[in-house]
Amino acid sequence: MDSTMLNVILNGIVETFEMVIVSTVLGYVLGLPLGIILTVTDKNGLKPNAVVYKILDAVTNILRSVPFLILLVVIIPFTKLLVGKSYGTAGAIVPLTISAFPFIARMVESSLKEVDPGVIEAAQSMGATTWQIVKNVLLVEARTSLITGATIVFATIIGYSAMAGVVGAGGLGDIAVRYGYYRREEVPMWISVILLVILVEIFQNLGNFIAKRVDKKQ
């Protein structure tokens with residue numbers, strides 16, 4: 001592999017990291033509060049509200065049910081409006097975020113609902129407000145599950161970022177498509193695939209390590 005290809009690969013790694021990290025952070029900015037609201041307004045939640053829950057539940061389900069590649073194409077006008085283009089790293093972050101946040105919301109909702117009801121009742125009996133219970137009980141008690149869920153989110157978004165390479169989003173997925181599919185060059189394609197697998201393993205193992213350390217402190 002010559003120096004030019006090496007630079008292409010290194011640039012692809014940087015672009016993949018940029019897409020995954022930025023879209024994951026933005027996904028949690030939107031998905032974490034959504035997951036909390038879904039938990040709180042559920043029929044067994046702290047503040048049951050059937051109307052709010054059903055609306056948010058429907059929106060979340062609809063967004064989650066749209067395959068990423070279709071979403072990528074459908075929201076091209078919105079992506080152009082938001083970042084000025086529908087290609088490259090910036091163009092990929094928008095659909096990645098939209099695809100990630102409903103998934104994150106469900107992960108958060110599932111984690112928070114695993115918290116022992118007895119702990120919540122104890123906090124309520126001491127006069128804790130809804131926000132105090134969410135912040136000091138639900139999020140604290142569910143932190144191990146939330147971290148484990150975050151590793152799954154990272155791995156999922158890495159896979160989506162590779163799919164975004166089909167429309168020239170940049171990153172390792174773009175290299176695999178451009179060189180492997182269009183130019184029939186197998187070496188850069190396999191290097192990209194192997195690096196994507198390694199990135200998933202790194203995020204997965206790091207997340208599991210952090211989750212175990214946090215679990216021991218509980």
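Contact is taken to mean heavy atoms within 4.5 Å. The model is predicted, and local features are reported at pLDDT of at least 70, side-chain atom pairs at pLDDT 80 or more, while totals for chains, interfaces and linings use all residues. Residues are numbered from 1 along each chain as its sequence is written, and side-chain values use heavy atoms, with hydrogens and water left out.

The secondary structure of the protein consists of 10 helices and 0 strands, where helices (H or I, at least four residues) and strands (E, at least two) are DSSP runs numbered from the N terminus. The order of the elements from the N terminus is α-α-α-α-α-α-α-α-α-α. The C-alpha trace spans about 65 × 40 × 25 Å along its principal axes. Of the 218 residues, 41% count as buried, with buried meaning under 20% relative accessible area, exposed over 50% and partly exposed in between (1.4 Å probe, protein chains only). Among contacts with a separation of 6 or more, 74% are between residues 24 or more positions apart.

Ser99 is placed in helix H5 and is buried, with a relative accessible area of 9%. Apart from its neighbours within four places in sequence, Ser99 is in contact with Phe68, Leu71 and Tyr160.

Helix H5 (residues 88-112) packs with H8 at an angle of about 160°, the axes being 10 Å apart. H5 is therefore roughly antiparallel to H8; axes are lines fitted to C-alpha atoms, for helices over the stretch in contact, and angles run from 0 to 180 degrees between N-to-C directions. Angles under 35 degrees count as roughly parallel, over 145 as roughly antiparallel, 65 to 115 as roughly perpendicular and the rest as oblique. The crossing of H5 and H8 is right-handed (a crossing is left-handed if the near helix is turned anticlockwise from the far one by less than a right angle, and right-handed if clockwise). On the H5 side the contact includes Leu96, Ser99, Ala100 and Phe103, and on the H8 side its residues include Gly149, Ile152, Val153 and Tyr160. The residues of this contact of H5 with H8 comprise 11 nonpolar, 6 polar and no charged. In this classification Ala, Val, Leu, Ile, Met, Phe, Trp, Tyr, Cys and Pro count as nonpolar, Asp, Glu, Lys and Arg as charged, and the others, Gly among them, as polar.

Rings of Phe, Tyr and Trp (its six-membered ring) pair if their centres lie within 6.5 Å; planes under 30 degrees apart count as stacked, over 60 as edge-to-face and the rest as tilted. The count by this rule is 3 aromatic pairs. Phe68 and Tyr160 form a stacked pair, at 4.8 Å centre to centre and 5° between the planes. Phe68 lies in helix H3 (residues 68-74) and Tyr160 in helix H8 (residues 143-163), so this pair ties together parts that are 92 residues apart in sequence. Phe68 is buried at a relative accessible area of 4%, whereas Tyr160 is partly exposed at 24%.

Phe154 and Phe203 are likewise paired and stacked, with 4.5 Å centre to centre and 5° between the planes. This pair links distant parts of the chain, with Phe154 in helix H8 and Phe203 in helix H10 (residues 186-216), 49 residues apart. Phe154 counts as partly exposed at 21% relative accessibility, and Phe203 as buried at 15%. One aromatic cluster is formed by Phe17, Phe154 and Phe203.

Helix H8 also holds Ala162. Not counting residues up to four places away in sequence, Ala162 touches Gly173 and Leu196. Ala162 and Val177 are 15 residues apart in sequence and 8.9 Å apart in space, C-alpha to C-alpha.

Helix H7 packs with two further helices. Helix H1 (residues 3-41) and helix H7 (residues 130-141) meet at an angle of about 110°, with their axes 12 Å apart, which makes H1 roughly perpendicular to H7. Leu32, Ile36 and Val40 of H1 and Thr130, Val134 and Leu139 of H7 make the contact, and its residues divide into 5 nonpolar, 1 polar and no charged. The axes of helix H6 (residues 117-125) and H7 come within 11 Å and cross at roughly 160°. H6 and H7 are therefore roughly antiparallel to each other, and H6 passes H7 in a right-handed crossing. Val119, Ile120, Ala123 and Gln124 in H6 meet Ile133, Val137, Leu138 and Glu141 in H7. By class, the contact of H6 with H7 has 6 nonpolar, 1 polar and 1 charged residues.
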